Amino acid sequence: MWQNAFDNKAVSTFASIGSAFVNRRARTGNGSLAPVDGGTASRKADHIRINIEDDVASKGIDNGFDAYRFVHCALPEVDLDAIETSTELFGRRLAAPILISCMTGGTSEAREINRTLARVVQGAGLAMGLGSGRVLLEHPELLDTFNVRPLAPDALLFANLGAVQLNRGCGVEECRRLVDMLSADALVLHLNALQEALQPDGDTCFDGLLGRIAEVCARLERPVIVKEVGWGIASDVVEQLFSAGVSAIDVAGAGGTSWSEVERHRIEAAWRNRVAASFAGWGISTAECLRDARRVAPDKHIFASGGIRDGIDIAKAIALGADLVGIAGPFLRAAAAGEQAAADLAREWIEVLRIAMFGVGAKTLAHLRATPRCRRRDDGDAALRSERLHYRTEGASKFHDITEDVAAAVKRSGVRNGLVHVYSTHTTAAIRINENEELLLGDFERFLERVAPAGNGAYEHDDIPRRVGVAPDEPVNGHSHCRHLLLSSSETLPVVEGVIALGRWQRIFLIELCSSRERDVVVQVIGA
């Protein structure tokens, strides 16, 4: 019964918001009423109505978290009262890694929702993102519908702008003005290319946008976050964005609201409606995006949103590598039902997260991210990741310790348990495991010189005139090949809980057996 009352009140509130968007006006200089971006207002009203009345969930794709399960720990060896869900981000302390994600602004009803959510995040110690600030930049008189800092002085607060606006006249100064107007801690630039493509009046000028994002990152003096709106950010784009200087990425994967479905319900032409329907299952699941993003950016800030349903999904997202987990729809509906409903939802999800951490013996969020107890339901699914490391060696018989580079490759792979194979692509550069101790390395060099001395005229390989197809700069290195024969091209090591299982003194070496050269080492990681 409570749920029905909640839904009915939410529908009523949302309907009034939609009406307000359609009828909204702004004061002109002489006090008269003037239209405020009627096309945008009408579109926003449609979006709200459709989200309430129609089925706009993704079709054939979910958030991906059901593919994972927690393995219960019957003996957690931690006191529930000692479980710590807090975290720090961009200089703000949060009681839990939860973001009430970017939603609304621009109307009196939106003002009330924003204020309700602001009081909730202040009380619960969460983060909050505001709705797109484009309308605020165009109409500063609407500031009151966005401005929540007085109600949430301690909250981590994000301003928000469509990234495509950087191609439409919004530059660094406009971004700075938006952040300053809202006293925000950071700026979110959202990517919604597919949604714009499906709108009959959409803005699809995304050409050259990465460079403009880089410029904002370099000059804004505030953290810049880039997020999708529900189709996910693949790992190659994650790498591009971090290279451009963004401070964090919200992968915002598929599995929740599908904005192609929302746009489909707005379209009257049957053929365009079918075009939009073709993308109902488009996107990358949130869990897949998150894991791939963490693989290529192991030390960066990664947020996860998109179809988050409850506190268990939050716990799974953290275990898969998220620093912050964003939720929009559930909190928007709760706020429409009243502040108490939204506050209760926050308490519920924080408590579920806390108990889930207790259930796997994770005292802190760092322990939860490192837990081996978040596993794929089908443990038979093996991942295979490969990358190539490049080195310039110092000279003959030099031992180059590449252990940390290999360990970083393993971390980027996302493999928790499996094997790592380290392979030299050369016949005069070997891979070996041994101790990195200066005197011992000298012993190794002298040993190799004794068993296969250089330049003693004993190697027919060094009789260059007798060989066919030899390059003019061919080195005299018969001894190098003979030394390699005693060593190896590769080593294979176990990976246990994401760490190479090396002994206390063991290190991985690339051994140069010829002369200073450009060398490649292939690292291949297989496992789950």
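Start by selecting residues 209-219 and 235-244, which are helix H8 and helix H9. (Helices are DSSP runs of H or I with at least four residues, strands are runs of E with at least two, and both are numbered from the N terminus.) The two helices pack at an angle of about 40 degrees, with their axes 8 Å apart. Axes here are lines fitted to C-alpha atoms, for helices over the stretch in contact, and angles run from 0 to 180 degrees between N-to-C directions. H8 and H9 are therefore oblique to each other, a label for what remains once angles under 35 degrees are called roughly parallel, over 145 roughly antiparallel and 65 to 115 roughly perpendicular.

Before moving on, note that this is a predicted model, in which local features need pLDDT of at least 70, side-chain atom pairs count only at pLDDT 80 or more, and totals for chains, interfaces and linings use all residues. Residues are numbered from 1 along each chain as its sequence is written, and side-chain values use heavy atoms, with hydrogens and water left out.

Now show side chains. Leu210, Ile213, Ala214 and Cys217 of H8 meet Gln240, Leu241 and Ala244 of H9, where contact means heavy atoms within 4.5 Å. This contact has 6 nonpolar residues, 1 polar and no charged. (Ala, Val, Leu, Ile, Met, Phe, Trp, Tyr, Cys and Pro count as nonpolar; Asp, Glu, Lys and Arg as charged; the others, Gly among them, as polar.)

Next, pick helix H14 (329-337) and helix H15 (339-359), which pack at about 140 degrees with their axes 7 Å apart. H14 and H15 are therefore oblique to each other too. On the H14 side, colour Pro330, Phe331, Ala334, Ala335 and Ala337; on the H15 side, Ala341, Ala342, Leu345, Ala346 and Trp349. The contact of H14 with H15 has 10 nonpolar residues, no polar and no charged.

Time for a sheet. In cartoon view, look for 5 strands in an open sheet, ordered S15-S22-S17-S19-S20 with antiparallel pairing; two strands pair if DSSP finds at least two bridges between them. The edges are S15 (383-392) and S20 (499-500), each pairing on one side only. Helix H17 (403-413) packs on this sheet, touching S15, S17, S19, S20 and S22 (518-527), and its direction makes about 150 degrees with that of S15. Zoom in on S17 (418-424) and S19 (490-496), joined by 6 bridges, and find His421 opposite Thr492.

A second open sheet has 3 strands, in the order S16-S21-S18, again with antiparallel pairing. Which helix packs on the sheet, touching S16, S18 and S21? Select 438-451: that is helix H18, whose direction makes about 135 degrees with that of S16. S16 and S21 (507-512) are joined by 4 bridges, and Asp401 stands opposite Phe509.
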